[in-house]
Amino acid sequence: MKNISKIVATLFVGGSLMLQGCDGVFDELAINPNQPSMSSYFTTPEAVNDAVLTMYGYISTQRCLGASGSKTQIIRSDEASSNSDYGKPGMYGNDLNASYYTIEQPYTLMYTTASQASYIIETAPSVEFNGNEELRNAYIGESYFWRAFAHYYLLINFRNISPIRHMPRNAKDYIRPLEAPADVWDFIQEDLTKAKELLPVKGYWNADNAGRVTKASAAALLGKCYLYRSGIENHYGNDKTTFYSEAAKEFGDIIDGKYGTYDLTANYADNFDVAHENNVESLLEIQFLGDVENNAFNPGLATSGLAFDSRGLMLPGAGVGYEGVAHDWLYDAFVNSIDKNGCTDIRMFSTLMFDDLKPEIKLHMDASGNSIRLEGPGGFRWEELYPKVDGKEGFGTVANTLAHSFKAGIRKGLDYSMPMMTNSDGSPKLPGVGAGTKEYVYNQPRAHGVNWRYIRYADVLLMYAEAVLSGGTQGMMTPLQAVNKVRNRANFADLPSVTMENVKQERLLELALEGHRFYDLLRWGELTSRFSALTSSDPSFKKFISATDYKGFVTNKHEWLPIPINELNSNPYIKENNPGY
């Protein structure tokens, strides 16, 4: 599946389509799908498959969920700060505006995906599949899924959107009025219901197609939409209808094995490396391919297709403009989470990079009774990466002195199996020390090809518990059993009873820095109180980028991103931007 980068990308920009060819299957056929010649091309199952794979490519390009969209979801929360240009919209400074390109890029590419999906939905039924209706249904099901996903992303981030309900056929179809959020939710849920009916169950796709969506993918996203809709609209919308029973039903069907067997991996860390991608815990996994040989950075080209650009997440000192840090409250939350053997929560070691020799860290032991140390890129430990200077704690000798205010860096989303950059004499280049010459290593952002496990089984279990505790109808599993199953994997004792506060705490520890936290706070109605408390109590909160840049979270503004200026200028139906912009 990681060869999707070879598929052509047809880019929807404002009110027109801009074409970018590549060296893949569409070398000679980079055709505007609105032209009649496109219909004449889509006459075989192979051509339909190529078009379907293109949607996966749109989603995983750097300028969609790679560099831009990933920071929109991760850095925007209260968990981390970034000094990368991609992270600036999540730092609540002056750069969070309608012109900022890392907001506009995923916005455009999500609409591109929805447009492509609509074309396939309308075209594939007329293609001859030689009796293989299951394959035709799979392709159409994928199209319904990705159209729903694109609108889901746009809705939870931009709030006021104009969905693509059919393939644009003329100029007027590119200019659509905004629709009420409730109507967009309905449309998304309808698409996911159709996707769930048409998609195959787990096991249909062979190993070469790992990562393609299934019925369980659609059920998981549909349940997530029901859950998110119930919370978001309760706090911000006019429609107070809740869908907790519908959410619980979707999650319960997955838990009961209706669509195949899903489970927690025995090792929590297997969800965040390259070696164990597309494992038993994965329901929706965005495929990325690390690539440092091709440094072109244009969406739609093969050289930009699937590389995950990790700028804004990398350890301080790894490269100017690349770094990210975790906020101290998150570090402290893990430190205070002690398992039944008296050890620090094992999930901390897959989530953060920190000084594991500090007295508050209780290391785990191997079978021989030796402490299991935390290793960074190249196998280096904290004291090797950040040697103390004049007794100074924190990140030691790094280029960005603001890093000294933070206790931990980010581990999730990065490939720590790669070596650090080396100096000209072959010695390891440590953060902030010297200039390296090797480029095919950890320091290169596009070298990181770790897949984004967008929805995994642990998330399903916790969302199921939340849905039932919020009033949804319970299935075969109880909320307590669901939460305890997640806790047991991390070597924690069973809770005797469960509340929403338990679910919130478990989501924090289990899913930190995976792109869920902002939307958790959003649907719980806790964004304002949370950001206000941290801004008041932590002088370094959201200030890694600049001591003066953070302007503070503004209620009734920062819940949503601004509608991009290009859309405002080209769509006469949009009279004003989202509140505050």
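Student: How is the lining of the second largest pocket divided by class into nonpolar, polar and charged residues?

Tutor: This is a predicted model, in which local features need pLDDT of at least 70 and side-chain atom pairs pLDDT 80 or more, while totals for chains, interfaces and linings use all residues. Residues are numbered from 1 along each chain as its sequence is written, and side-chain values use heavy atoms, without hydrogens and water. Ala, Val, Leu, Ile, Met, Phe, Trp, Tyr, Cys and Pro count as nonpolar, Asp, Glu, Lys and Arg as charged, and the others, Gly among them, as polar. The lining of the second largest pocket has seven nonpolar, nine polar and three charged residues.

Student: Which strand gives the largest share of the lining of the second largest pocket?

Tutor: A pocket is an open set of points on a 1 Å grid over the protein atoms alone, where a 1.4 Å probe fits, with protein on both sides within 12 Å along at least five of seven lines; lining residues have an atom within 4 Å of a point. Strands are DSSP runs (E, at least two residues) numbered from the N terminus. The largest share, four residues, comes from β4 (residues 282-286).

Student: What volume does the largest cavity have?

Tutor: A cavity is a set of grid points where the probe fits but cannot get out. The whole structure holds seven cavities of 30 Å³ or more. The largest cavity has a volume of about 190 Å³.

Student: Is C64 buried or exposed?

Tutor: Buried means under 20% relative accessible area and exposed over 50%, with partly exposed in between (1.4 Å probe, protein chains only). Because its relative accessibility is 0%, C64 counts as buried.

Terms used
Grid points are joined across faces, edges and corners, and a volume is the space filled by probe spheres set on the points.
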